[in-house]
Amino acid sequence: MAYESITNFIVNRGYEDLIAMSPYEVYNLPYDIAVKIWESLGGLIAWLINLIFPNNGVSQWLISDPVTNGFAIILMVIVIFAVSFVFCLLMLWEERKVLGRMMDRRGTMVGLKGFLQCLGDGLKTFMKENVVPKAIDKKIYWWGLSLVIGTSVLLACMVPLSNRWFIVDYQAGLLIIFALFALAPFLILCAGWAQNNKYSLIGGLRAAELMISYEIPMLILLAGTVLMAGSFNINDIVAYQEEHIWFVIPQIIGFFTCIVCAVAESERVPFDLSEAEAELVEGWQTEYAGMKWGLIMLGDYFRGYVACALVVFMYLGGWSLPVIGGEDWYLQYFPEIVFLLKVALVFFIFVLARAALPRVRTDQILNVGWKALMPLSVINLAIVILLKVTGVM
Amino acid sequence: MAEEKMNSDKMWVTMGPQHPFSHGLWTLRVEVDGEIITDAEPEVGYLHRGWEKECENRTYNKIIPMADRLCYSASMTWSHLFCKVAEEALDIEVPERAQYLRVVADEICRIQSHLMWLAAVGTDVGNLTIFLWALREREFMLDLNVRLCGQRLTTNYPRIGGVRNDMPYYFERDCMRAIERFEKSLWDIIRLTDDSSIFVGRMKGIGYITRKDVANYGITGPAMRGCGVDYDIRRDDPYDAYGEMEFEVPVLKEGDAYSRYMVRIEEMFQSCEIIRQAMKKLESIPKNAPYRLKVPKCIPEGTHMARIEDPRGEGLMYLVSDGTESPYRLKVRSPVFVNVSASKHMVQGVRIADIPAIMAMIDMCLGETDR
């Protein structure tokens, strides 16, 4: 299967072609959905216009191929974003319910088994007053915020749900997700500094301090996966796992190390040092009030979703299933759902960690990162190399 | 010159009075060098209500419910302490039944106060599960309070010369059930805390105080017993029926935050033991025995002092009476007020993240600190 990214497409065939025909040579489900939406929506508009002004050019133009493709690309992005957004809300709901049961209470109870509470909370933060402190570095304050949220949303949309549900299929897929992930601590540092608040400054510095403890083991773990699969492309990695064996079995050490790193990567309890509410009030988010805080929280869940998705891609075989994975009915209806269920399962482990563990200290996380995670990831890499050299895998 | 330049990198961070770690209205100003604390300064007084002065305009009976308000979670011991100082002044002996009832009420109060502390420790180290589990157990102790006194927190139970009412029906049964349940579920909570290496790692090796500091600052209570001073007023200067109780005073030598934590946990188990013994003794006392004496309204002229083992340390009241219905002066020695003065010493050299863990071990209660 040869995939081509949009950028490659533009470089190779020019901008005109992109509008004129589908950018996807393989079947792309969101694109297909988007085309169908536009065919009915644009068709309806064209029909209405045609009723009022018969035989006009606009109606013809609306349903012509280039316009349909153009709108389909926009709608496709919205479809993909909507799915990851709703799934993030579901994860939020999952966390609240599981945490509630762990703590001997019921969790949220508003509508649909408590799911509507997420929407209610979102609405509440949007209705709050938009408080902006006076003595701040305005440019960095706003840019830091929007880039943190923006990269989170971008990350979530970069995650392919299956080999037919993706925006772009990069050859360096995993690497780009990692690069976008690693951008956040820098932005948090800037945003924390710009707020002219001591708590947020310390929180921002902690984010940078935290980064050097988990980022390196995480990249070494990535090297293990990539070596085994022989590609950075997520599709190839999943296909390799489907063909041979889920990497969780040969790389069991890597799997557990990766879960710890992923919790740190998404800055959740017990590694949420940059927003430790017991000592730093709200950490780097202290001066971001109301809607801004709500969006940051949403961004956090986007990042948590991507961190879980990374674990699933690297070790749990992505959207594949061992026995029924090759069947036609499975491939037609289930890969995306199975993938999201796996993500929810990994997130369940995150929630259990949050319920059971207190927050660690900065020096402790550095100790864990350099004295435990680092050697473990190197051992994992050595095992992978051994398996590759001996030809077992 | 070089040193001056170094100093310019330090900054003062004001933690409080509205801060998640402070559990009330007080401020801890800390000077930090990066994350390391180089200096600290506690500021209390935001909750000053003029309690001592208000007492001078009230009759002795009216001060009992006010003493409840000194500390929301240790109200029983404070009203008990006030009744005790008034009894010292009147020189009367409380009926035996009342003595045991007071012991039971005090220990229930101690358990629920320590559970409130444990819940606060949970939030301070960033785990809400500990918080909710501890508060769930505390609810059973508050239910016992409701059975005995009709109130959850501000109990208004002790009276000068006894207690307000006798035990209600089946109180023994309820009490025993609650204690048994509590001992089991405390082990559940310990599995979350002591068995978790992260929790122990957060507590161990920070906030050291030595026996010398205890003497210099006047630290009392679990903080004192956590650094090797074997002293408990309940055992060494027994009041009411504590002289007849057999219990151990937990003492640890390390003097760090974790030992203070361990002392408090062990104290809760010992309180259960005391309640069991007191309940057994209460069975042997006839049901119609008096539980309250008639006492005169006025207290004879003189100065009197009484002290008691509060959940947070040594509570002391000093009463100057002029022979009228109300006191001339009533001075309260609050254990937390004294303990918090050592906070500068305790947080020296630790990280910002350790401050909540260390300060949680003081178990701040601003009602009695600022009075």
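**View 1. The side of chain B that meets chain A.** In this predicted model, 27 residues of chain B are in contact with 22 residues of chain A (C-beta atoms, placed from the backbone, within 7 Å). Two or more residues each come from E1, H5 (96–124), H6 (128–149), H8 (197–203) and H15 (354–360) of chain B; helices (H or I, at least four residues) and strands (E, at least two) are DSSP runs, numbered from the N terminus. H6(B) gives the largest share, 5 residues. By class, this side of chain B has 15 nonpolar, 7 polar and 5 charged residues (Ala, Val, Leu, Ile, Met, Phe, Trp, Tyr, Cys and Pro count as nonpolar, Asp, Glu, Lys and Arg as charged, the others, Gly among them, as polar).

**View 2. An open sheet in chain B.** Here 3 antiparallel strands lie in the order E1-E2-E3; strands pair if DSSP finds at least two bridges between them. E1 (11–15) and E3 (36–43) of chain B each have a single partner strand, so one side of each lacks a neighbour in the sheet. Look for Val13(B), whose bridge partner in E2(B) is Val30(B).

**View 3. Two helices packing in chain A.** H3 (29–52) and H5 (65–102) of chain A pack at about 120°, their axes 8 Å apart (axes are lines fitted to C-alpha atoms over the stretch in contact, with angles from 0 to 180 degrees between N-to-C directions). Among the residues that meet are Trp38(A) in H3(A) and Phe71(A) in H5(A). By class, this contact has 13 nonpolar, 2 polar and 1 charged residues.

**Notes.** Residues are numbered from 1 along each chain as its sequence is written, while chains are lettered from A and ligands numbered from 1 in the order written. As the model is predicted, local features need pLDDT of at least 70 and side-chain atom pairs count only at pLDDT 80 or more, whereas totals for chains, interfaces and linings use all residues.

How values were computed: Contact = placed C-beta atoms within 7 Å.
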